[in-house]
Amino acid sequence: MKEAPVFISSTRFRMEEIMDINRTLNEVLVRLFRNINMIEERALRTGEYKDVTTNDMHVIEAIGMDGAKNMTRVARSLEVTTGTLTIAVNSLVKKGYVNRTRSEEDRRVVLISLSEKGKRAYLHHRRFHEQMIDSVVEELTEEEQEVLEKALAKLTQFFRLADII
């Protein structure tokens with residue numbers, strides 16, 4: 001009986017290896033995404049902020065602390081329609097996190113900014129992210145931090161390009 005050439009068996013082994021890493025990466029990414037969402041939700045919905053969803057907090061973050069922004073600019077930064085943002089902002093205005101005003105220069109333009117309560121929520125959310133990153137980074141060597149940063153940058157670029165296609 002004739003043996004298969006070495007390059008075929010090594011190719012087969014490489015394909016199995018690639019499939020294993022693909023399966024592992026998929027499992028890790030799915031679990032990571034779920035865990036971050038769950039941890040973030042739990043961390044944010046405490047005390048004064050029990051009425052804020054993770055989505056609300058991301059709108060608050062997009063509005064930011066830099067003063068009033070127009071709705072179009074914020075919608076663009078969140079990659080949602082102005083209509084979708086309007087629904088979220090209506091809710092945040094009712095809850096007391098966001099102020100809505102009309103532009104003095106152009107009354108058609110709606111400006112949104114954070115109320116004092118919204119600013120406190122923004123800082124609460126920022127502290128969560130800082131603590132999360134600090135926890136991850138403290139366990140890594142400098143070299144591992146650099147590798148992680150490069151890998152995540154490539155992953156981010158891939159998802160941005162995949163969204164365009």
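Predicted model: local features only at pLDDT ≥ 70, side-chain atom pairs only at ≥ 80, totals over all residues.
Start with H125, which sits in helix α5, the run of residues 116–137. Its relative accessibility is 2%, so H125 counts as buried; the cut-off for that word is under 20% relative accessible area. What does H125 touch, once residues up to four places away in sequence are set aside? The list is E40, L44, M57, H58 and E61. One of these neighbours, E40, also takes part in a polar contact: the side chain of H125 and the side chain of E40 meet at 2.8 Å.

Next comes helix α1, which covers residues 6–44. L25 belongs to this helix. Is L25 buried or partly exposed? With a relative accessibility of 46%, L25 counts as partly exposed, because that label covers values between the buried limit of 20% and the exposed limit of 50%. L25 is also one member of a nonpolar surface patch.

The last stop is S91, located in helix α4, which spans residues 82–95. The relative accessible area of S91 is 26%, so this residue is partly exposed. How far apart are the C-alpha atoms of S91 and V52? The separation is 9.7 Å, while along the chain the two residues are 39 residues apart.

To recap, H125 is buried, whereas L25 is partly exposed and S91 is partly exposed.

Notes: Residues numbered from 1 in each chain as written. Heavy atoms only, no water. Helix = DSSP H or I, 4+ residues; strand = E, 2+ residues; numbered from the N terminus. Buried < 20%, exposed > 50% of the residue type's maximum accessible area, 1.4 Å probe, protein only. Patch = residues over 30% accessible without salt bridge, like charges linked within 9 Å, V, L, I, M, F, W, Y side chains within 5 Å. Areas by Shrake-Rupley, 256 points an atom, 1.4 Å probe, with all protein chains shown as cover. Salt bridge = Lys/Arg side-chain N within 4 Å of Asp/Glu carboxyl O. Polar contact = N/O pair within 3.5 Å; in protein donor to acceptor, adjacent residues only side chain to side chain. Contact = heavy atoms within 4.5 Å.
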